[in-house]
Structure formats: C-alpha cells, structure tokens
Amino acid sequence: MGLMNTIKRAFTWWDGQTINTQIFTWRKGVRVGADAEGNIYYKTRDDSKPWVIYNGEMEGSRVSPDWHGWLHRT
C-alpha cells in the first residue's frame, strides 16, 4: 500500500474501512465469513462484538438477511 492510498483512506472513510477499524480488526478480529457481495464479517475473540467490512460503499442494505441476523444476534 502506497502513501497516496494511506492518505486517501484517511480522508475518505466512507469508502471502506478506516485506519482505526483496520488496526482494531488486525488486533482483535476473527474472520467469520464473507457473502456474495464480497463483504467480510468479523467478531472479537470473546464474541462480544460483531462487525462487517464492506466491499466498496458502506450501505446497510448490502448485507444479506442471514448476515443481518448474525450481526444483530437474532
């Protein structure tokens, strides 16, 4: 990853994960799976927090019903 990509990500947080989310995911995240749109789902090691890293624009309607239920623990 080049310097320009790092600067772009710092100022365009709405288009993918932020630097803080990437660090948090790297340190505490366990990959659970992915869906057909390329979104990747994670949880913490103690299963206290689930989250999704979107493939492209962050839009909640892009999460499939199965994964939506998993994110909301239903």
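In what order do the three strands stand in the open sheet, and is their pairing parallel or antiparallel? I began my notes there, keeping in mind that the model is predicted. I read the order as 1-2-3, with antiparallel pairing. Strand 1 (29-34) and strand 3 (50-53) each have a single partner strand, so I noted them as the edges, where one side of each is left without a neighbour in the sheet. I then looked up the twist, which averages 30 degrees from one strand to the next.

Next I checked what packs on the sheet, and found helix 2 (residues 19-28) touching strand 1, strand 2 and strand 3. The direction of helix 2 makes about 100 degrees with that of strand 1.

I turned to the pairing of strand 2 (residues 40-44) with strand 3, where I found four bridges between strands that run antiparallel. Within this pairing, I40 has I53 as its bridge partner, and Y41 stands opposite V52. The two strands form a hairpin with five residues between them, and in the turn I noted that D47 has a positive phi of about 60 degrees.

Which residues of strand 3 are buried on one side, and which on the other? I found P50 and V52 on one side and W51 and I53 on the other, all of them buried, so that both faces of the strand are covered. As a general point I wrote beside this that, in a regular strand, the side chains alternate between the two faces of the sheet.

I then went through the aromatic pairs, of which I counted five. F24 and W51 form a tilted pair, at 5.2 Å centre to centre and with 55 degrees between the planes. F24 lies in helix 2 and W51 in strand 3, so this pair ties together parts that are 27 residues apart in sequence. On accessibility, I recorded F24 as partly exposed, with a relative accessible area of 28%, whereas W51 counts as buried at 10%.

A further pair that I looked up is Y41 with W70, which is edge-to-face, at 6.3 Å centre to centre and with 85 degrees between the planes. This pair links distant parts of the chain, 29 residues apart, since Y41 is in strand 2 and W70 in helix 3 (residues 65-71). Y41 is buried, with a relative accessible area of 0%, and W70 counts as partly exposed at 25%.

I returned to F24 and W51, which form one aromatic cluster together with Y42. Over which ring does the charged end of K49 sit, and how far is it from the ring centre? I found it over the ring of F24, 4.9 Å from its centre, and I also noted that K49 lies over the face of W51, at 6.0 Å from the ring centre.

Technical notes: Residues numbered from 1 in each chain as written. Predicted model: local features only at pLDDT ≥ 70, side-chain atom pairs only at ≥ 80, totals over all residues. Heavy atoms only, no water. Pairing = 2+ DSSP bridges. Axes fitted to C-alpha atoms, helices over the stretch in contact; angles between N-to-C directions. Contact = heavy atoms within 4.5 Å. Phe/Tyr/Trp six-rings, centres within 6.5 Å; stacked < 30°, edge-to-face > 60°. Buried < 20%, exposed > 50% of the residue type's maximum accessible area, 1.4 Å probe, protein only. Lys NZ or Arg CZ within 6 Å of the ring centre and 35° of its normal.
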